[in-house]
Amino acid sequence: MRFEIITIFPEFFTGFFEHGVVRRALKDGLVSVGVQDLREFTHDRHRTVDDRPFGGGEGMVLKPEPLAEALESLGIAAKAERGLSPPTLAPEKTRQDGAPHSVAGTQAVEEGAVAGTRVILLSAQGLRFTQATARALLPLERVVLLCGRYEGVDERINSLYCDMELSIGDYVLSGGELAAAVVMDAMTRLVPGVLGNEASSEFESFGITDSEISADEIGVPRSQHGSGGLLDYPHYTRPAEFGGLAAPEVLLSGDHQQIRRWRREQQLRKTLENRPDLLDRAQLSDEDRRMLVSLGWQPVGWPSRGRRQG
Ligand code: SAM
């Protein structure tokens, strides 16, 4: 997997590339990255990358010509020339919860592009970037991350070159660099071989929710120990007592079945508390449902449509 980042602040990424999982993945050649300085694609004395917006209003807009040149320098032609009709992702295909449908959110990947390049514009107006998006983009050979600044990029760049517009959350950042780092980090840790334990990424928050989940030898759905689309359970390490709080006894018991059940219960509680929206599409067993209902959960479609009673 190769990442290409187009930015007016190339130095921004230096520290990011030098730490933790991303650093190791780069060092081991499991991913590679190129950073393109947008100013290198300007032709005036001041290396101008922005201009005033047509129609007036606040701020500046990133000019289209340097962006197009930067993309062309990476061998990326306009979508029409690549056989993709703009726009690749229509806004109406976004789900109500902001997450892309498995098909719509990955359409650019699925349209004959399993091995290939896709251009992603980081934008507060984009489809929400989720763990599912990160997984869906994984088969690509190259992901180009285009970082906006000021009021954003000239929309014609989006129309002509970008396959996907992604937002990392419902807030406005000053630039796309942080968002590009988020996308690269989330994707990198999913690349096979990057995490020590291959299964780690399945067993954390937003882990697998699909048919891969099956009952294990003791009849507990596999999602009792994988996350099954829920938030992760709380983790504890030594010392067993800290700040007047003991680590949960069950975790020290050595009883793996009990530990599994306790962790699942914690996942359910935490998800209900902090992200009840995830429960609608989580992989839940009958036992999970019973527990959630006892905690006050009302599944969507129940008469009052409330998520929590009282
Ligand atoms: N005028 C834009 C709007 O209201 O949607 C905000 C532009 S923002 C100040 C500048 C750049 O930051 C954007 O072009 C985009 O690249 C990046 N950005 C801001 N918020 C983002 C988000 N939530 N996700 C991804 N990128 C974001």
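## Exercises around the ligand and a helix pair

Among the 20 residues around the ligand, those that come nearest are Ala124, Gly148, Gly152, Gly176 and Ala179; a residue is near a molecule if its C-beta atom, placed from the backbone, lies within 6 Å of it. This is a predicted model, where local features need pLDDT of at least 70 and side-chain atom pairs pLDDT 80 or more, while totals for chains, interfaces and linings use all residues. Numbering starts from 1 along each chain as its sequence is written.

**Exercise 1.** Find which strand gives the most to the shell around the ligand, then sort the shell by class.

*Solution.* Start with strands, which are DSSP runs (E, at least two residues; helices are H or I, at least four), numbered from the N terminus. Strand S5 (residues 117-128) gives the most, with four residues. Next, sort by class: the shell has nine nonpolar, nine polar and two charged residues. Here Ala, Val, Leu, Ile, Met, Phe, Trp, Tyr, Cys and Pro count as nonpolar, Asp, Glu, Lys and Arg as charged, and the others, Gly among them, as polar.

**Exercise 2.** Describe how helix H2 and helix H8 cross, and name the residues in contact.

*Solution.* First, take the axes, lines fitted to C-alpha atoms over the stretch in contact, with angles from 0 to 180 degrees between N-to-C directions. Those of H2 (residues 20-27) and H8 (residues 177-188) come within 10 Å and cross at roughly 70°. H2 is therefore roughly perpendicular to H8 (65 to 115 degrees). Finally, Val21, Val22 and Ala25 of H2 and Met184, Asp185 and Thr188 of H8 make the contact (C-beta atoms, placed from the backbone, within 7 Å). By class, this contact has four nonpolar, one polar and one charged residues.

Methods
Angles under 35 degrees count as roughly parallel, over 145 as roughly antiparallel, 65 to 115 as roughly perpendicular and the rest as oblique. Two residues are in contact if their C-beta atoms, placed from the backbone, lie within 7 Å.
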